[in-house]
Amino acid sequence: MSMRRGMGGGGGGGWGLMRSFRRDESVTSQKLSPGILRRIARFARPYRRMLLIFLALIVLDALLSAANPLIYRAIIDDGILPHHSGVVVELALLLAVLALSDVILSLWQRWISARVGEGLIFDMRTQVFAHFQRMPIAFFTRTQTGALVSRLNNDVLDAQQAFTDTFSSVVGNVIGVTITLVAMLLLSWQITLVALALLPIILLPARWVGRRIQALTRESYNLNAKMISMMTERFNVAGALLVKLFGEPLREIQSFEEKAGRVRDIGVTQAMYTRVFMAAILLTASLATALVYGWGGVLAADGALQVGTVVALTAYLNRLYGPLTALSNVQVDIMTALVSFDRVFEVLDLEPMVAEKPGAVAIPNGPATIEFEHVDFSYPRAEEVSLASLESVAVLDQAPSQQVLFDVSFTAQPGQLVALVGPSGAGKTTISHLIPRLYDVRSGAIRINGIDLRDATLDSIRREVGVVTQDAHLFHDTIRANLRYAKPDATDEEIDQALRAAQIMPLVESLPAGLDTVVGDRGYRLSGGEKQRIAIARLLLKAPNVVVLDEATAHLDSESEWAVQVALKTALTGRTSVVIAHRLSTVREANQILVIVEGRIVERGTHTDLLATNGVYAELYRTQFARQGAADTRIPGASLAVD
């Protein structure tokens with residue numbers, strides 16, 4: 001068998017062994033979660049039969065491979081030297097059969113390895129992705145997107161390798177080394193012990209090289225992560241626009257070149273260290289071969305050892321040093337695999353704060369009443385929703401959470417429009433987030449049609465409540481796909497009606513690809529007003545009974561604002577609506593206006609009533625009117641009134 005196969009242990013060759021020594025030894029000091037082996041076993045349970053077959057194939061393959069040197073010995077001692085050509089032919093045919101069997105076994109092993117590995121990747125990825133989908137919005141406001149993607153890709157792949165690369169390598173190496181050592185000791189225990197004495201020639205350089213490569217690998221990973229982060233931020237539309245506007249492309253190029261140049265230098269250094277490592281293995285194998293041929297040859301010439309035994313010992317040497325060296329690093333290999341599993345389980349163990357309780361009931365479909373009853377709220381602490389590793393910090397933020405809402409109570413009857421007004425940071429957006437249950441209240445209750453949101457099914461809340469945010473988000477997909485996100489089975493006629501009601505149909509018809517036009521990253525190919533009207537059309541397709549609106553016209557020009565206001569008037573008609581109003585002129589005809597200051601409702605009533613009280617609302621209104629002049633009336637008939 002070739003030197004490359006002999007070094008591989010599990011078929012990975014000397015370069016696979018080198019990957020083992022690239023792994024960070026500090027992983028062995030990490031504490032693992034209790035019962036992690038049982039959890040891994042539960043994950044692997046669906047594949048236990050295939051894993052047993054896989055193990056049996058590894059053992060059988062090791063036995064067949066170990067038989068080859070003994071056949072070489074028999075060919076020489078029982079065939080060539082006694083001039084028995086028939087024995088030579090028979091044994092040569094046996095070698096061919098074993099070679100063919102080895103190929104079949106290796107293909108079978110690879111097929112099982114791929115089935116188990118890809119199955120585990122599928123299972124873990126889908127579980128992690130589904131778990132992320134159940135996490136509250138607070139989770140995503142704290143964690144880094146790159147960290148989440150890394151858990152879904154890198155950690156899942158590393159965990160999967162525990163069942164393919166690490167499992168097969170460790171088992172194959174243990175079995176291979178055991179069989180090889182037994183065979184060599186039986187052939188010549190003296191030569192075997194001397195050959196083992198040469199092992200430090202490999203292990204000492206391996207440790208020396210391994211520590212240096214580990215440090216370089218860590219630095220390379222960090223630099224690559226920074227480059228990926230830099231590319232992610234600069235390659236999206238907003239980041240690219242910022243670079244263009246501030247005229248810093250040369251500085252960006254220089255910064256990227258510094259990181260990429262260091263990665264290049266690290267690559268060259270790693271290549272040289274790797275060559276030193278491989279040279280040590282090849283040197284040891286060559287010295288051992290010289291020793292066996294020299295000492296064994298002398299013994300054979302004196303008649304103390306057979307010639308075939310010398311050849312068999314040499315063949316066994318080729319499959320001894322690589323696996324032994326790999327096993328010297330087996331603790332790091334196993335811990336690396338376990339830590340990857342632990343990082344996946346760490347995410348799965350993070351319980352979502354907003355969860356559907358057993359026995360939850362569906363909110364009845366129909367005209368909706370919204371009730372806030374003595375609601376107090378503070379945003380969750382970091383430890384309640386996140387992990388330090390997902391925020392790329394050593395320790396989570398320990399700052400206590402401050403209360404945001406205090407004793408908020410109001411009722412919105414079916415078909416009514418309730419407007420939330422007040423200074424920035426007063427708690428208006430927080431109230432709008434509580435209605436679709438993006439967060440749970442700390443005390444008090446929020447009810448829709450008499451059902452506490454904490455007792456309602458999440459599906460029924462999503463069905464009943466529709467939200468249009470100030471910055472409507474569109475996926476990088478077609479207009480049709482973005483609309484059908486609200487109603488996957490929407491017909492073309494329903495889409496057409498929604499677009500017309502949202503005042504966006506003329507634009508869609510003017511596009512060459514029509515509904516199949518791709519809107520670009522975050523919808524950047526559309527203007528702000530066009531995105532908002534697409535979002536309103538999406539809301540109309542969903543047809544919720546409750547609409548929550550974070551002022552959708554705050555950053556639009558006059559023409560776009562008018563079109564969006566007309567579309568919103570259609571969307572809100574007949575629905576119970578809670579609207580955050582930055583421009584007070586847009587909600588003068590609201591059924592109820594709530595003035596929010598520092599998390600408290602300080603005033604409530606209609607536009608006329610609140611002006612008459614000459615309080616906070618009246619002061620806000622006069623301030624806006626004085627600042628905007630006649631702007632309050634520049635869009636006649638387009639206020640968010642309910643007819």
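In this predicted model, helix α8 (residues 189-197) and helix α11 (residues 249-301) have axes that come within 11 Å and cross at roughly 160°. Angles over 145 degrees count as roughly antiparallel, so α8 is roughly antiparallel to α11. Their crossing is right-handed. On the α8 side the contact is made by Q190, I191, V194 and A195. On the α11 side it is made by L291, V292, W295, G296 and L299. These residues divide into 7 nonpolar, 2 polar and no charged.

An α-helix has 3.6 residues a turn, so residues three or four places apart point the same way.

A second pair is helix α19 (residues 492-501) with helix α21 (residues 528-542), which pack at an angle of about 130° with their axes 8 Å apart. That angle makes α19 oblique to α21. The crossing of α19 and α21 is right-handed. Here E494, I495, A498, L499 and A501 in α19 meet I534, A537, L540 and L541 in α21. By class, the contact of α19 with α21 has 8 nonpolar residues, no polar ones and 1 charged.

From α3, the contact uses I36, L37, R39, I40 and F43. From α14, it uses L338, F341, D342, F345 and L348. The contact of α3 with α14 has 8 nonpolar, no polar and 2 charged residues.

| Helix pair | Crossing angle | Axis distance |
|---|---|---|
| α8 and α11 | roughly 160° | within 11 Å |
| α19 and α21 | about 130° | 8 Å |

Helix α4 (residues 48-80) is described here by its own shape. This helix has 33 residues and reaches 47 Å from its first C-alpha to its last. That span is close to the 48 Å expected at 1.5 Å a residue. Helix α4 also bends, by about 25°, at P69.

Notes. Residues numbered from 1 in each chain as written. Predicted model: local features only at pLDDT ≥ 70, side-chain atom pairs only at ≥ 80, totals over all residues. Heavy atoms only, no water. Axes fitted to C-alpha atoms, helices over the stretch in contact; angles between N-to-C directions. Helix = DSSP H or I, 4+ residues; strand = E, 2+ residues; numbered from the N terminus. Parallel < 35°, antiparallel > 145°, perpendicular 65-115°, else oblique. Left-handed = near helix turned anticlockwise from the far one by under 90°. Contact = heavy atoms within 4.5 Å. Nonpolar A, V, L, I, M, F, W, Y, C, P; charged D, E, K, R; others polar. Expected span 1.5 Å × (residues − 1). Bend = angle between axes of the 7 residues up to and from the residue.
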